[in-house]
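Reader: I am new to reading protein models, and I would like a close look at a single part. Could you pick one residue, go through its surroundings, and then show me the setting around it?

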Amino acid sequence: MVEVQRYPFSREALDGLRDNAFATGSWPLVYVLSDEQQRRAYIGETTDALTRMSTHLKHDDKQLLTAVHLITSEYFNKSATLDVESMLIKYMAADGKYTLMNGNLGLADHNYYQRDALYDEVFREVWNRLIARGVVSRSLEHLDNSDVFKYSPYKALSFDQRQGLLAIMHELLNPEVKNVVIEGGAGTGKSVLAIFLFKLLNSESHRLDLREFNDQEAEIQSLVTRLKALIPTPRMALVVPMTSFRTTLKKAFKHVSGLSPSMVISPSELARQHYDIVLVDESHRLRKRKNLGAYFGTFDKTCDALGLDRYSCSEVDWVCQQSNKAIFFYDQGQSIKPSDADVEVFLTLKAAPESVSHRLLSQFRVKAGQPYVDFVDNLLNCRVGGGTVFKAKNYQFEVFDSLRDMVDAINEQEQQLGLSRLIAGYAWPWASKKDPTAYDIVIGDVQLRWNSTNTDWINKQGSHLEVGCIHTTQGYDLNYAGIIFGEEIRYDPASHSIVIDKDSYYDRTGGQGIKDPAELKQYIINIYRTIMLRGIRGTFVYACDDVLRDYLKQHIPVHAASKSEPEAAKVTELVPFVNAVPLFDLQVAAGDFSDMQTAEHSDWIAAPASERVREGMFACRVIGESMNRVIPNDSLCLFRPDPGGSRNGKTVLVECIDTIDADSGSRYTVKVYESLKSQNEHSWQHACIRLKPNSYDDNFRTLELTEDEALRYRVVGEFVCVIDQ
């Protein structure tokens with residue numbers, strides 16, 4: 001379906017392209033120019049490859065690139081190559097192997113014949129060929145879940161976002177306007193618009209490639225040209241108040257030409273210099289001097305440096321003072337604590353003669369769309385009509401009677417899709433912060449801990465086993481969100497209203513100093529509304545308060561608990577090595593050798609009916625992602641004793657024996673075995689043993705063992721099958 005061929009990129013090597021029928025036959029194709037040393041790349045498409053390469057060789061920057069990969073296919077037409085080029089730029093920017101030299105592309109995705117039916121498969125084949133060639137390294141599934149991809153400046157914009165972009169650019173050229181407020185609820189694409197605009201204004205003119213599919217895009221090209229003439233090299237900053245989300249956006253800026261992580265700053269860093277243009281994402285989280293905790297000192301110091309009264313100003317004033325033009329991306333409904341700047345501050349800002357505002361309406365994070373957003377708002381404010389149950393064909397929205405079932409459902413989605421997390425209201429103290437062995441949230445037989453880090457927790461290894469809060473999830477996208485309503489939020493059927501128990505609310509800076517119960521209630525309602533809009537594909541809900549759970553069950557589809565019995569329960573009697581095998585308390589590490597541990601026989605477990613059980617077989621759990629093409633993380637697996645003979649190509653359980661402290665235990669891993677042998681005049685010998693991963697994640701590396709190193713490793717068993725996942 002697709003061919004990818006590599007050529008040197010030089011004037012002398014152009015003759016080699018003449019042998020490529022696609023390059024000489026005016027056939028639409030896509031190409032990648034790259035340089036391994038500088039780790040830079042440029043992606044393009046053309047119907048005249050020879051002329052285009054000659055042009056690039058005259059370019060000051062591109063002539064320094066050293067290789068060209070031609071991507072060709074008989075299925076390509078002009079629309080398809082434009083689409084493949086656009087997709088490659090989005091995904092290669094997120095892959096991170098190269099810093100891309102491309103400017104922004106077309107503002108909108110455009111449809112064409114058989115785009116969905118055929119070309120999704122074509123692009124997947126393109127990507128796999130590029131992995132095989134070493135041009136990219138990560139799987140599409142991995143990148144789809146990465147924040148670097150989600151917040152790429154190469155994303156196409158919705159109609160609503162394009163209208164917002166036009167409005168902002170006109171106001172940047174208007175000398176009478178200083179402040180622009182872009183309002184929109186969660187999931188309306190404020191962050192994507194901010195990053196797209198930031199990249200647009202920081203791209204060199206000759207690198208811009210705004211496809212003029214319609215008059216709107218031609219207008220934006222004209223506006224960019226005028227802005228470049230007015231401010232050729234604008235001093236710009238993207239202010240992000242939340243530490244965790246700021247760290248994520250710094251990553252998104254790292255591998256984009258013209259952008260730098262240093263351009264993403266905290267509000268206090270505004271004091272360092274004056275800017276031409278400042279964009280503020282999540283500006284509803286800009287702060288005032290109230291309940292700041294350890295941040296009091298930094299706040300006061302910054303106010304003094306800027307000559308502002310610390311008691312009357314807010315970080316909104318910092319932005320206005322330190323910029324010629326300020327663009328605020330704002331959602332009143334996501335203000336979640338009393339330290340956030342007052343709503344009145346933004347009302348005053350919008351009413352000022354030098355300010356304008358614009359609203360984004362389209363919802364495109366949540367697949368259920370704006371009806372779901374409106375329903376959540378009505379649900380939390382008790383405005384849903386009697387008998388109304390929200391259902392959407394393309395969205396999984398369920399309330400659970402059992403927290404254990406919801407935790408299991410989130411873990412199942414994590415295994416299948418990734419980016420599935422538990423999030424709770426702040427209704428439990430953070431005991432594990434001081435004692436990592438302590439559990440914070442204990443409900444029945446479920447024991448959970450709060451997020452173990454405040455920085456980029458969503459992407460932390462093992463975060464699906466923890467519980468996030470509003471502070472570690474606001475601004476992020478998830479595939480599935482499991483929401484735990486704590487004891488601080490309840491339902492009063494007599495008044496048909498949500499009530500708040502302040503004594504059960506443990507965010508120290510979130511409730512301190514609030515005298516009006518209605519004010520605290522609004523903050524907590526905003527928190528739950530915000531976290532219920534994280535899930536792209538689905539949202540699961542559990543409420544600790546029985547009455548609140550009954551209220552939610554009136555309006556949300558109730559999760560149907562599985563009626564199937566566990567495998568062991570279906571076996572009338574477990575007979576060792578007849579229909580059962582020993583289960584070892586050994587968590588095998590697929591990815592790296594597990595921590596030192598001793599394998600202990602803990603119980604017997606039913607073997608799959610399809611397998612013939614023999615003496616010496618055993619089961620244990622495999623942890624990790626390095627074998628996930630065959631063995632999903634946390635799967636219970638069946639092994640047989642190592643039968644000897646050739647193991648090449650087989651999946652094996654390997655023990656690494658620590659020669660220093662062998663009595664304390666051993667380390668285990670599961671890998672594909674490969675032996676390379678050499679022959680001397682007497683016999684064959686192992687020249688090298690390779691333990692290879694089999695994963696959708698290309699980051700896992702093969703472990704190569706010399707003959708001497710191999711003495712420290714022993715094959716314990718041969719993988720038979722996965723018993724459960």
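Author: Happy to! Glu183 is found in strand E6, which covers residues 179-183; helices (H or I, at least four residues) and strands (E, at least two) are DSSP runs, numbered from the N terminus. Before going on, please note that this is a predicted model, where local features need pLDDT of at least 70 and side-chain atom pairs count only at pLDDT 80 or more, while totals for chains, interfaces and linings use all residues. Residues are numbered from 1 along each chain as its sequence is written, and side-chain values use heavy atoms, with hydrogens and water left out.

Is Glu183 buried or exposed? Glu183 counts as buried because its relative accessibility is 11%; buried means under 20% relative accessible area, exposed over 50%, and partly exposed in between (1.4 Å probe, protein chains only).

The side chain of Glu183 has polar partners. One is the side chain of Lys350, at 2.9 Å, and another is the side chain of Arg359, at 3.4 Å. Such a polar contact is a pair of N or O atoms within 3.5 Å; within protein, one must be able to donate a hydrogen and the other to accept it, and residues adjacent in sequence count only if both atoms are side-chain atoms. Leaving aside residues up to four places away in sequence, Glu183 touches Tyr330, Lys350, Ser357, His358, Arg359 and Leu360, where contact means heavy atoms within 4.5 Å.

Gln474 lies in the loop between helix H17 (470-473) and strand E17 (478-485), and with a relative accessible area of 2% it is buried. Its side chain forms a polar contact of 2.8 Å with the side chain of Arg285, and it also reaches the backbone oxygen of Gln334 at 3.0 Å. Not counting residues up to four places away in sequence, the residues that Gln474 touches include Met242, Phe245, Glu282 and Thr530.

Strand E17 leads us to a sheet. In this open sheet of five strands, the order is E12-E20-E17-E13-E16, with parallel pairing; two strands pair if DSSP finds at least two bridges between them. Strands E12 (396-399) and E16 (467-468) stand at the edges with a single partner strand each, so one side of each has no neighbour in the sheet. Strand E13 (residues 420-424) runs parallel to E16 and is joined to it by two bridges, and Ile423 stands opposite Gly468 in E16.

The largest nonpolar core has 141 residues, and Leu88 and Phe485 have the most contacts inside it. Helix H9 (residues 190-201) gives the largest share of this core, nine residues. A second, separate core of 25 residues includes Leu270, Tyr295, Val316 and Val319. A nonpolar core here is a set of buried Ala, Val, Leu, Ile, Met, Phe, Trp, Tyr and Cys residues joined through side-chain atoms within 4.5 Å.

Finally, let us step back to the whole chain. The protein chain has 21 helices and 29 strands. Its radius of gyration is 29 Å, close to the 27 Å that the globule rule gives for 725 residues, so the chain is as compact as a globular protein of that length; the radius is taken over C-alpha atoms, and the rule is 2.2 Å times the number of residues to the power 0.38. Buried residues make up 54% of the 725 residues.
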